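Open the structure in your viewer and keep the sequence beside it. This tour tells you what to select next and what is there.

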Amino acid sequence: MKETRMKALFIAGTALLILTGCATTAKVTQGGAFDTNAGIVTKPSKYPVSVTMDRMETAAKSVGASIFSRVDWQELSKKVNVEIRPNQLLIFGRGKGGPYIIKEAPLAALDIPFKAVAWEDSMGKVWLSYTNGTYIDQRYAISGAAAFVKDIDATIEQITAEALK
């Protein structure tokens, strides 16, 4: 059971890494890179990956979010003899908007609770990437829960701003 869960996490992380790789080629703005096709926001961090994720976890908890899991992909990769740069995934949420969204669009559970990944690129630069709520609204054609998506965007922006300051 644990091995199956680890494989599933590895596959999900690999997909996320592929998507975040695409985000770095997106339009870069003051707040970071935003890929409108993938809905991923990528912002630079001045901290190492582990510190970025520590700060992200603290900031998420400060707004009442629960931390569901934290995955250190670099550590996990060592178990299968694959060498990767520092990369950590945080799964978190407050449970305020997500249930409304999932009630309307059950497949949104693939994107909720929210996830953020801190990762180091090939030049040693650290980035923090996450999917924004507005994209989830568009991806799943959410209409009745749209007001909660706006709150989710504001909350994620608050959390990431605190973590990256």
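In which helix does Ile-152 lie? Select Ile-152: this residue lies in helix 6. Helices (H or I, at least four residues) and strands (E, at least two) are DSSP runs, numbered from the N terminus.

A word on the model before moving on. This is a predicted model, in which local features need pLDDT of at least 70 and side-chain atom pairs count only at pLDDT 80 or more, while totals for chains, interfaces and linings use all residues. Residues are numbered from 1 along each chain as its sequence is written, and side-chain values use heavy atoms, with hydrogens and water left out.

**Stop 1: the whole chain**

Show the chain as a cartoon. It has six helices and seven strands. Trace the chain along the sequence and you will read α-β-β-β-α-β-α-β-α-β-β-α-α. Of the 165 residues in the chain, 45% are buried. Buried means under 20% relative accessible area, exposed means over 50%, and partly exposed is in between (1.4 Å probe, protein chains only).

**Stop 2: helix 6**

Go back to Ile-152. Its relative accessible area is 11%, so Ile-152 is buried. Ile-152 and Phe-114 are 38 residues apart along the chain, and their C-alpha atoms are separated by 9.4 Å.

Stay in helix 6 and pick Thr-160. Thr-160 is buried, at a relative accessible area of 0%. A polar atom of the Thr-160 side chain lies 3.2 Å from the backbone oxygen of Glu-157.

**Stop 3: the second largest pocket**

Select Gly-93, Arg-94, Gly-95, Lys-96 and Phe-114. Of the 18 residues that line the second largest pocket, these are the closest to its centre. The pocket holds about 230 Å³ of space.

The terms need a short note. On a 1 Å grid over the protein atoms alone, a pocket is an open set of points with protein on both sides within 12 Å along at least five of seven lines; lining residues have an atom within 4 Å of a point. A volume is the space filled by probe spheres set on the points, and the probe is 1.4 Å.

Which elements each supply at least two residues of this lining? They are strand 5 (87-93), helix 4 (98-104) and helix 6 (146-164). Helix 6 gives the largest share, five residues. Colour the lining by type: ten residues are nonpolar, five polar and three charged. Here Ala, Val, Leu, Ile, Met, Phe, Trp, Tyr, Cys and Pro count as nonpolar, Asp, Glu, Lys and Arg as charged, and the others, Gly among them, as polar.

**Stop 4: helix 2**

Colour the buried residues of helix 2: Val-49, Thr-52, Met-53, Met-56, Glu-57, Ala-59 and Ala-60. They cover an arc of only 165° around the axis, so they sit on the same side of helix 2. That arc is taken from the directions from the helix axis to the C-beta atoms. Turn to the face away from the buried side, and you find the exposed residues Thr-58 and Ser-62. Gly-64 follows helix 2, with a positive phi near 90°.

**Stop 5: strand 3**

Select residues 40-45, which form strand 3. Ser-45 in this strand is buried, at 4% relative accessibility. Its side chain joins that of Thr-52 in a polar contact of 2.6 Å. A polar contact is a pair of N or O atoms within 3.5 Å; within protein, one must be able to donate a hydrogen and the other to accept it, and residues adjacent in sequence count only if both atoms are side-chain atoms.

Next, pick Ile-40, also placed in strand 3. Ile-40 is buried, with 1% relative accessible area.

**Stop 6: the loops**

Find Pro-113 in the loop between helix 4 and strand 6 (114-120). The peptide bond from Ile-112 to Pro-113 is cis, with omega near 5°.

Move to Asn-81, in the loop between helix 3 (73-78) and strand 5. Its phi is positive, near 55°, in a residue other than glycine. Asn-81 is exposed, at 73% relative accessibility.

End at Ala-141, in the loop between helix 5 (133-139) and helix 6. Ala-141 has a positive phi of about 50°, although it is not a glycine. Its relative accessible area is 60%, so Ala-141 is exposed.
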